[in-house]
Amino acid sequence: MRYLPLTPDDRTAMLAKIGADTVDDLFTDVPAEARLTGPIHDLPGHASEMAVERHMHGLAGKNLVAGDMPFFLGAGAYRHHVPSSVDHLIQRGEFLTAYTPYQPEIAQGTLQVLFEFQTQVARLFGCDVANASMYDGSTACWEAIVMARRITRRKKALLSSGLHPHYVSVANSMAHFTGDELQSAVPELSVDTDIADLIETVDGDTSCVVVQYPDILGRMDDLTALAAKTQEAGALLIAVVTEPVALGAIKSPGEMGADIVVGEGQSIGVGLQFGGPYVGLFACKQKYVRQMPGRLCGETVDAEGRRGFVLTLSTREQHIRREKATSNICTNSGLCALAFSIHMTLLGERGLRDLAQLNHAKAIVAADRLSQIEGVNILNKSFFNEFTVILPVNAREAVHELASRSILGGVSLGRLYPQEDALSHAMLVTVTETCTDEDVDALVSALGEILP
Amino acid sequence: MSMNNQGRPTRSEDVRIQDIGTKGANATFTGNRALILEEKLIFESGSIDRTGVDLPDIPDAKSRLGGLERSETIGLPGLSESETVRHYTRLSRFNYGIDLGFFPLGSCTMKHNPRLNEKMARLPGFADIHPLQPQESVQGAYQVIDELATWLKTLTGMPAIAMSPKAGAHGELCGILAIRSALEARGDAREVILVPESAHGTNPATAAFAGYKVEDIPATKEGRVDLDALVARLGPDVAGVMITNPNTCGLFERDMKKISDAVHDAGGFVYCDGANFNAIVGKVRPGDLGIDAMHINLHKTFSTPHGGGGPGSGPVVFSAALEPFAPLPFVEKQGDTYKLVEEENAEEHHAQSFGRMVAFHGQMGMFTRALTYMLSHGGDGLKQVSEDAVLNANYILRSLEDVLDAPFAPSGYCMHEALFSDKGFAEGFTTLDIAKGLIDEGFHPMTMYFPLVVHGAMLIEPTETESKEAIDEFVGALRHIVAAAKSGDAKLKAAPHHAPRRRLDETLAARKPVLVYKETQDAV
Amino acid sequence: MSRYFTEDHEWIDVDGNNAAVGITDYAQEQLGDVVFVEVPESGKELGKGDDAAVVESVKAASDVYAPVSGTVSEGNAALTDDPSLVNTDPEGEGWFFKLDLSDTSQLEGLMDEAAYKEFVANL
């Protein structure tokens, strides 16, 4: 077996050193009735690389691949071009096969990357500090709500109706057990976000207001007034960014006063990967740093006075604080954070701004083309690279129709909000730099055929 | 005040002696040392006007950003591709990884990460598909999830599984929430979760995060859960226990079935932390031990890479009693097609589910890697995996117990990891010094100061992917270092001497945290 | 004014109904370099044995308990800026918080300096 170096002679010699007759003797602490005597039934035997590849290729071949056809899906996971060097670099064994940097003298590579990553995320979000990453955007969002509860000692969180429904769903699952009170709603198909309602609703019992920017329907608003009103009530403003590329074009939530900014970093460097692993981004104001969940990397010096980096403020974490920790999180999303950081370094500010402008311009062109189809309307007045299209037919069925024509045309709101008839004719269309003019042509002409 | 009694040094020690390399006679002009090349931060070497990507022309279009244009400088430096490759390649060389050498980090299972796994995960049919694609367009992806689920259920002897938890700790949370849901469903508001004092810190943190009070259960002198104390504490307020088996002392909990029966009799549930499943995969099915829920770290037992701290993946297997409460979404096979059960169709299939834990469906990229690994090993290979892992650990235990205190060795064999204490070192010498000495000898240190039940703990887990020769070399080096610690060799106290950095000042980092780069900061 | 000690390595200076609380020199020595201290807000009601403050070194976090019941009248703000005061002057400038005692009879169970020294010597 190709991953196991011990030979039968090695095993015999080692058993002799141990003083055991057989390897089964080493398992005598397992009660006899629970010990398996032979290989487990119903499982195949070991296989060659060739045989495994054949099987996995077969499974991969059953999926429609985004890169093979016109592709317009978003809704929290975005397809951007990832430069070749990103995947090459994250596969260096010293990154890929390292552990959490608990021995900093031989983990400065990972640690410096985390320090650079934290700085990149903080600057992108317009915040003072960021952590070394979370599992994904949805769990980062819930952790932010918990953090706001710790800071304000209040339990009522207002969730914008524009927050991704999966994020709402995650928060609801958790809040059921923690006793947090969440107020949430289904979005309305209106041009405006629900910021005015949130400003109206926030009060002295509110721990935080959670608003997605741009929101699930692609709409966006200035958060400044909401931040001011929220803080006046003694609550925190949490902004959620599911498409960080947007922040190359639009103001950051931090600049507009958000206290905590969380997000999904997948769109930079990570790729679609059918939903995971992704990378949760988490940033906040300096004054809240000790209430942050997750790992933090900090700068220091070594015994010779040279700059170096260590994990720090770890007394917030589970391995020291146990039941009093800020979170039970143990890992970060290290390799995805590395991919994010490399891609961001390749882009630089110039590249990020150009990429954002390119996305925005392509989305405008596509939105205008789609709005010319008889019976099709675009909901948004403003958007970045994703907007809501209202069809004269059930959008979920239209998406299936498009897929049968080898076009992955968007995410229907029926998929995200299956119980809401009022949303059933709407779908989200995302246009990134990976969409060509021909892709848009194909979508427009296919929709023309499908619609009555 | 509660005290630190694990023997972990909490004061940074003054080791500014014996400067090597960067100071004194051996100093170089650049600070580089041949293959070890110092690397600036991107904020020092890059520029906001430099980029490593070429983009197509931007079409003309009037902005629809609603007046939200970002006008201020963001401060994100860029590098050209050539500089980027060099930056990260240089940084990578400051890291230790399994690819480089022996990495016996106890409880973390740093086994070889097969490259076939990486190749398969990158097939466009897995890597370039969107989680919200129409279900008919991703049947192969659902099949991967279903096949992996079947392997895990078969290997554990458990009837149900949740695939979406993102890591081990997230899996723990999943299991505890399912337990709480099951209790709520029968109108039983129990408040306490019992956790052995040797447990990993995530266990109590998870129980607290899920709203439970945590109480410790003591260990016996043999390093196992004290069954009598546990049984005595059971009662109508105890929701369940969280037990790691094999435990963090590297021992199998012989009384596991008795513990499960007692907990069940008292109306509670049994959570098993499956972090150490690597020791028993293919040899023991947790389902036969009365366990109700157990997470499986795919990044430990099933060889997906640790990546410098994640991403992990922590599917949770469930007993029939907890199955109805498992989270959404999950994949169900109906005839020849796979269907995703989500919020919308949960009513008919899974009305008691406690809900969703993550956006989308979990760590697909890890599922493809883990399934590739399982198919490679097969049922027979996985049995050999645990046998070799346990054999290697016992070989280490017997090769070191004459020079290192092994508090639980007299009670018999260990499982996949061997535990030692710092007893017998010269005054002022600690486990930390042993770890730093190993760095100089080219090894990654073992887990130190965990579990907390042993003073100055050293937990050594070789895994099955190490050869006898590699282990012998490590044992030789460790014996040499232990001799230095016992004789009080000052050179060891100042180790590491040859790593890219000497010991780092963690006190400074924590007292005045510098977590992001600032252009105006003074050079330190 | 009289000083008492607890088995949790805290000291309490009592003057009538007012008291100051800190950790002992022995405790700071065990703890190592203190990097962070969280003191209670004034007005907080504490029962005997409640978690009152947190003191952290790099690798350990410890709770400081209220040695007796009372209401916090002041937390030592100086520790927020300079936690190393706990190391340099634990039984003086490094005090944690001041209490208005609600039940002075609780002091009866505590040790005096000689008893505490003997207690530490036997650890």
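Into which domains is chain B divided? In this predicted model, chain B is divided into domain 1, made up of 40–52 + 75–93, and domain 2, which covers 144–372. The centres of domain 1 of chain B and domain 2 of chain B, taken over C-alpha atoms, are separated by 42 Å. The points below turn to the interface of chain A and chain B and then to aromatic pairs.

**Extent of the interface**

- On the side of chain A, 207 residues are in contact with 217 residues of chain B.
- The area buried between chain A and chain B comes to about 18,100 Å², and carbon and sulfur atoms give 63% of this area.

**Polar and charged links**

- Between chain A and chain B the count is 15 salt bridges, and Asp29(A) and Arg224(B) have side chains that meet in a salt bridge, at 2.8 Å from N to O.
- Across the interface of chain A and chain B, 101 residue pairs are found in polar contact, with both residues at pLDDT 80 or more.
- With 27 residues, helix 11 (residues 334–371) of chain A gives the most to the side of chain A that touches chain B.
- Sorted by class, the side of chain A that touches chain B has 100 nonpolar, 63 polar and 44 charged residues.

**Aromatic pairs**

- Over all chains the count comes to 17 aromatic pairs.
- Tyr278(A) and Phe360(B) have ring centres 6.2 Å apart and planes at 75°, so this pair is edge-to-face.
- Because Tyr278(A) lies in the loop between strand 6 (260–264) and strand 7 (280–284) of chain A, while Phe360(B) lies in the loop between helix 10 (343–350) and helix 11 (364–400) of chain B, the pair joins two chains.

Methods
Residues numbered from 1 in each chain as written. Chains lettered and ligands numbered in written order. Predicted model: local features only at pLDDT ≥ 70, side-chain atom pairs only at ≥ 80, totals over all residues. Heavy atoms only, no water. Contact = heavy atoms within 4.5 Å. Buried area = accessible area lost by both parts, 1.4 Å probe. Salt bridge = Lys/Arg side-chain N within 4 Å of Asp/Glu carboxyl O. Polar contact = N/O pair within 3.5 Å; in protein donor to acceptor, adjacent residues only side chain to side chain. Helix = DSSP H or I, 4+ residues; strand = E, 2+ residues; numbered from the N terminus. Nonpolar A, V, L, I, M, F, W, Y, C, P; charged D, E, K, R; others polar. Domains from an automatic or database assignment. Phe/Tyr/Trp six-rings, centres within 6.5 Å; stacked < 30°, edge-to-face > 60°.
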